Amino acid sequence: MRLFISEATVSKLIDNAVQEAKVKWKENTRLAEIISGEVTDQKAVETITAELTAIIERITSDEGKAVTMELLKSVAELCGIDTSQFKKKADAVAALQSYIK
């Protein structure tokens with residue numbers, strides 16, 4: 001795929017997808033309840049967790065090396081991770097990988 005799509009294009013696509021997801025997550029009160037832990041609908045929690053895990057796996061994989069620090073911080077913040085100590089992308093990647101383990 002690298003012959004046809006540059007890393008910058010892949011990064012931009014991922015950035016756009018996360019930004020769209022953040023907007024939808026803010027607009028959806030049910031999803032906000034799930035993320036905050038105020039709901040006990042286990043199936044919904046499992047679905048959201050799986051989707052967030054897939055996003056994290058994608059942006060922390062080798063293919064995600066072109067992902068910006070801002071995107072990594074945005075996803076970490078969605079997970080409730082304190083991003084104030086992130087000095088480099090490796091810090092963000094390590095925190096996100098720990099989150100899904």
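Biologist: How many helices and how many strands does the chain have?

Modeller: The chain has 5 helices and 0 strands, and its pattern along the sequence is α-α-α-α-α. A helix is a DSSP run of H or I with at least four residues, a strand is a run of E with at least two, and numbering starts at the N terminus. This is a predicted model, in which local features need pLDDT of at least 70 and side-chain atom pairs count only at pLDDT 80 or more, while totals for chains, interfaces and linings use all residues. Residues are numbered from 1 along each chain as its sequence is written, and side-chain values use heavy atoms, with hydrogens and water left out.

Biologist: What share of the chain is buried?

Modeller: Buried residues account for 33% of the 101 residues.

Biologist: What makes I100 buried, exposed or partly exposed?

Modeller: The relative accessible area of I100 is 27%, so this residue is partly exposed. I100 is found in the segment after α5. Apart from residues up to four places away in sequence, I100 touches T53, I56 and E57. Between I100 and I56 there are 44 places in sequence, and their C-alpha atoms are 7.8 Å apart in space.

Biologist: How do you know where the buried residues of α5 lie on the helix?

Modeller: Helix α5 covers residues 89–99, and its buried residues are A92, V93, A95 and L96. Viewed down the helix axis, these residues fall within an arc of 165°, so they line one face of α5. The arc is taken from the directions that run from the helix axis to the C-beta atoms. An α-helix has 3.6 residues a turn, so residues three or four places apart point the same way.

Biologist: Which residues have the most contacts inside the largest nonpolar core?

Modeller: I59, V75 and L96 have the most contacts inside this core of 21 residues. The elements giving two or more residues to the core are α1, α3, α4 and α5. A nonpolar core is a set of buried Ala, Val, Leu, Ile, Met, Phe, Trp, Tyr and Cys residues joined through side-chain atoms within 4.5 Å. Leaving aside neighbours within four places in sequence, L96 is in contact with residues including I56, I59, L72 and V75.

Biologist: What residues line the largest cavity?

Modeller: The lining consists of V18, A21, W25, L52, I55, V75 and L78. Two or more lining residues come from each of α1 (7–27), α3 (42–60) and α4 (69–78), and α1 gives the largest share, 3 residues. A cavity is a set of points on a 1 Å grid where a 1.4 Å probe fits but cannot get out, and a lining residue has an atom within 4 Å of a point. The search of the whole structure finds 1 cavity of 30 Å³ or more, and the volume of the largest cavity is about 30 Å³.

Definitions and conventions
Buried means under 20% relative accessible area, exposed over 50%, partly exposed in between (1.4 Å probe, protein chains only). On a 1 Å grid over the protein atoms alone, a cavity is a set of points where a 1.4 Å probe fits but cannot get out, and a pocket is an open set with protein on both sides within 12 Å along at least five of seven lines; lining residues have an atom within 4 Å of a point. Grid points are joined across faces, edges and corners, and a volume is the space filled by probe spheres set on the points. Contact means heavy atoms within 4.5 Å.
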